[in-house]
Amino acid sequence: MNDIPRLKGRRRSLHDQVFKDLLGTFLPDLLTLVAPEPAGRLDLSHWKFLDKEVFTDWPKGQRRELDLLAEVPLAGHSDRTALVHVEIEARSGPQMGPRFAGYYMQIQLRHGRPVLPILLCLQRGLPGVHFNSVVDAALGPEIGRFNFYSLALSRMRAEEYLAKEQPLAWALAALMRRGSLSRAEHKMACLRRIAGASLSDRQRLSLVNCVETYLQLAGRDAEELEALQAAEPNEEVQAMRMTWAEKLEAKGRDIGKQEGLTMGREQGFRQALLSMLGARFGPLSEDVKRRVEGIASAERLNQIAEQILVAHSLKDMGLDS
C-alpha cells in the first residue's frame, strides 16, 4: 500500500522553517525542476533572499509575511533583476490561486520588476509540476489572468525524483509516494542518494533535515532502517545521520550554555531543552514553554533530552495536548 508521509500535529512554522532553510540552499534546483524555461533566462549563480516582506492578504485585510522572495539577476544583464516568489502550503486549497494573485500584484506595485511565482504544495493539489491560471471572467469576457507554477508533492512517485540530478529532488522525494518500497527502504533511498553526492556540509545537513523531519520511523520500521544501514558497504549514511543529530544537539547546547551563565545550571538546562525542542519541532507555543519551565525533576528533564531525536511530536513527549 502506498502511504503518504503524514503532517498531522505539525505547525505551519515547522514547514516554513524546514523549507526556508532547504530552498535557501537549493533555490536554483527548485527553479530548474519547476520552471525550467524562466530559469534559463536567469543567472542562477548569483541570487539573494530579500528581507521579510509584509503584504495585505486580501480580501480579509490581514497582514502577512511572504514565505520566500528572492532577487535573481537576468542572464546577460547584471544590472537587471527579477524576483522569485515561493509560497509553501502544507494543504493548498482553491482559495490559494486568488490569494497568490493578490501577492503578485502587490509585489509588482512595490518593486516594479518581473516576478516568477511558484506554489509548493506539501499535501493536496494536482500532483507534479503545472502551469496554472487564475482568470477574471465573472462579467463574461476575460478581464484579467494571473499565471503561476506549482509543484504538488504528496501523490508523486519518489522514484522519479530520486533519479533526478538535482539534490533538492532527493529531499523532496521524502514527501512522495514510496511505491513498492517499505518506509525504511524509502528513507534509506533518500539518504543513500544524499550521502553519495559531492556536497558541502551545509548542503548535506539541509537535505538530511528534510528527510529526517518528514520520514520519521518508529518500531519495526526503525529497526529495519538500522538493519539496512548495517548492511551498507560503507558507513556514509550512518555517519551523515549522526552528524545531523550532533548538530541539532549542539545548537541547543550552545544557546543553553550562553543563557546558563547568568541563569544558573538547572535553568540553563531548561533553556537548552527549549532551544533543542524549537530546533526539532519549530517555534514553541507559550504553553509548551511553561510546561518545560515548570518541570522540577532533573530525571524528567533528562528524559525529555533523550526523547528529542526520536519522538514524532511534542504530544508524544507529553508536552502538548
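What follows is a chat about side-chain packing and salt bridges in a predicted model.

Colleague: How many aromatic pairs does a search of the whole structure find?

Modeller: The search finds seven aromatic pairs. Keep in mind that this is a predicted model.

Colleague: Take Y104 and F146. Why is that pair called tilted?

Modeller: The ring centres of Y104 and F146 are 5.1 Å apart and the planes are at 45°, so the pair is tilted. Stacked would need under 30 degrees and edge-to-face over 60.

Colleague: Which parts does the pair tie together?

Modeller: Y104 is in helix α3 (residues 96-111) and F146 in strand β8 (residues 144-152), so the pair ties together parts 42 residues apart in sequence.

Colleague: And F146, buried or exposed?

Modeller: F146 counts as buried, at 8% relative accessibility. Y104 is partly exposed, with a relative accessible area of 24%.

Colleague: What does F146 do with F148?

Modeller: F146 and F148 form a stacked aromatic pair, with 5.5 Å from centre to centre and 20° between the planes. F148 is buried, its relative accessible area being 7%. Ring pairs link F100, Y104, F146 and F148 into a cluster.

Colleague: Now the largest nonpolar core. Which residues touch the most other members?

Modeller: Those are F19, L22, V84, I118, Y161 and L172, in a core of 63 residues. Helix α1 (residues 12-34) gives the most to this core, with ten residues.

Colleague: What does Y161 touch?

Modeller: Not counting residues up to four places away in sequence, Y161 touches L33, V129, L151, M156, A169, W170, L172, A173 and M176.

Colleague: What is in the second core?

Modeller: The second core is separate and has 15 residues, including L274, L277, I295 and I304.

Colleague: Where does Q166 lie?

Modeller: Q166 lies in the loop between α4 (158-162) and α5 (167-172). Q166 is buried, with a relative accessible area of 12%. Leaving aside neighbours within four places in sequence, Q166 is in contact with D29, T32 and L33.

Colleague: Change of topic, helix α6. How many of its 13 residues are buried?

Modeller: Ten of the 13 are buried, so α6 is mostly covered. Among them are R183, H186, K187, M188 and L191. Helix α6 covers residues 183-195 and reaches 18 Å from its first C-alpha to its last, close to the 18 Å expected.

Colleague: How many salt bridges does the count come to?

Modeller: The count is twelve salt bridges. In one of them the side chains of E71 and R113 meet at 2.3 Å, N to O. E71 lies in strand β4 (residues 68-74) and R113 in the loop between α3 and β6 (115-123), so this pair also ties together parts 42 residues apart in sequence. E71 counts as buried, at 17% relative accessibility.

Colleague: What about R99 and E89?

Modeller: Their side chains meet in a salt bridge at 3.1 Å, N to O. R99 is in helix α3 and E89 in strand β5 (residues 77-91), so the pair ties together parts ten residues apart in sequence. R99 counts as buried at 17% relative accessibility, and E89 counts as buried at 8%.

Colleague: Back to R183. What is its salt bridge partner?

Modeller: R183 forms a salt bridge with D221, and the closest N and O atoms are 3.5 Å apart. R183 is in helix α6 and D221 in helix α8 (residues 219-230), 38 residues apart. D221 counts as partly exposed, at 25% relative accessibility.

Colleague: Which residues do shared partners join into one network?

Modeller: Salt bridges that share partners join K187, E212, E226 and R241.

Terms used. Residues are numbered from 1 along each chain as its sequence is written. This is a predicted model: local features need pLDDT of at least 70, side-chain atom pairs count only at pLDDT 80 or more; totals for chains, interfaces and linings use all residues. Side-chain values use heavy atoms; hydrogens and water are left out. Rings of Phe, Tyr and Trp (its six-membered ring) pair if their centres lie within 6.5 Å; planes under 30 degrees apart count as stacked, over 60 as edge-to-face and the rest as tilted. Helices (H or I, at least four residues) and strands (E, at least two) are DSSP runs, numbered from the N terminus. Buried means under 20% relative accessible area, exposed over 50%, partly exposed in between (1.4 Å probe, protein chains only). A nonpolar core is a set of buried Ala, Val, Leu, Ile, Met, Phe, Trp, Tyr and Cys residues joined through side-chain atoms within 4.5 Å. Contact means heavy atoms within 4.5 Å. The expected span of a helix is 1.5 Å times one less than its number of residues. A salt bridge is a side-chain nitrogen of Lys or Arg within 4 Å of a carboxyl oxygen of Asp or Glu.
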